Amino acid sequence: MRKIFIDCGTNLGIVLNRFMHELPDHEFYAFEPNAELIPSIRRHVEQAQDSARIEISPSAVWTHDGTIDLFLGHHESSTVMPGKRVPPMYDQQIDYSSPVPVPAIDFSAWLRRTVSPGDHVVVKMDIEGAEYPVLTKLLDDGTINLISVLYIEWHHDRFPAMSRAEHDHVAAAVSACVDVRDWD
C-alpha cells in the first residue's frame, strides 16, 4: 500500500511543507496553476528532507485535460471559475478582463492512472470554486472512492450563482464516500 498526499491548489507551498513534515512516509503531488507561485513552492519543497518524493505540476485541477483560463487576483483568490466574489480583506480583486491560459489536468483520470484502490490517499483541495465540478465528476465516475481523506475548503459562499442547496448536495455526496475534513 502506497501512502500518497495530493495538494490541489498548492498556492505558496506553506501547507504542502507542513504536510511533508507531518507525513514523512508519503509520496507528494502538488498542483498549482499560477506560474508566479511555483518558485515559492519549489523553495518549500527544497526544505524537505526527501524532496525526490515530491512532484510539482504547474496545472489546474479540472474535469478534463487541456487548457483553461485562470483569472488572477490575490494569490489566495485566483480562480478558473468566473463570477467569484472576493472578500474586501484582500488587497487585490480578481481580474476577469485578462485571463491567463494555463494547463489543466483531468483530476479523475489522473487519479485513476496514479493511485490504486488499496492506497491511502490524502487530498487537500483548495481550488477556489472548481471543487464543485471536479468533485461532481469524481462522484459520477466513482474515482472519489480512491480518496481516503479529503481536506477541503468549500467556496460556495463566494459564488452568488450557487445555491446553498447545490453546495449541500455535493458536500453530502462526497461525505458519504470519503472522510471529509474542512480546510480553512
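R2, E27 and D119 are joined in a network of salt bridges. Keep in mind that this is a predicted model.

I'll take the two contacts of R2 in turn. With E27, the side chains meet at 2.8 Å, N to O. R2 sits in the segment before β1, which spans 3-8, and E27 is in strand β2, residues 27-31, so this pair ties together parts that are 25 residues apart in sequence. R2 is partly exposed, at a relative accessible area of 27%, and E27 is partly exposed as well, at 25%.

The other contact is with D119, where the salt bridge has an N to O distance of 3.7 Å. D119 lies in the loop between α3 (107-114) and β7 (120-125), while R2 is in the segment before β1, so here the parts tied together are 117 residues apart in sequence. How accessible is D119? D119 has 9% relative accessibility and counts as buried, because the cut-off for buried is under 20%.

Next, K3. The side chain of K3 forms a salt bridge with D25, and the closest N and O atoms are 2.8 Å apart. K3 belongs to strand β1 and D25 to the loop between α1 (14-22) and β2, so the pair links parts 22 residues apart in sequence. K3 has 30% relative accessibility and counts as partly exposed. D25 is partly exposed too, with a relative accessible area of 46%.

As for the total, a search of the whole structure finds ten salt bridges. Among them are R2 with E27, R2 with D119, and K3 with D25.

Note on methods
Residues numbered from 1 in each chain as written. Predicted model: local features only at pLDDT ≥ 70, side-chain atom pairs only at ≥ 80, totals over all residues. Heavy atoms only, no water. Salt bridge = Lys/Arg side-chain N within 4 Å of Asp/Glu carboxyl O. Helix = DSSP H or I, 4+ residues; strand = E, 2+ residues; numbered from the N terminus. Buried < 20%, exposed > 50% of the residue type's maximum accessible area, 1.4 Å probe, protein only.
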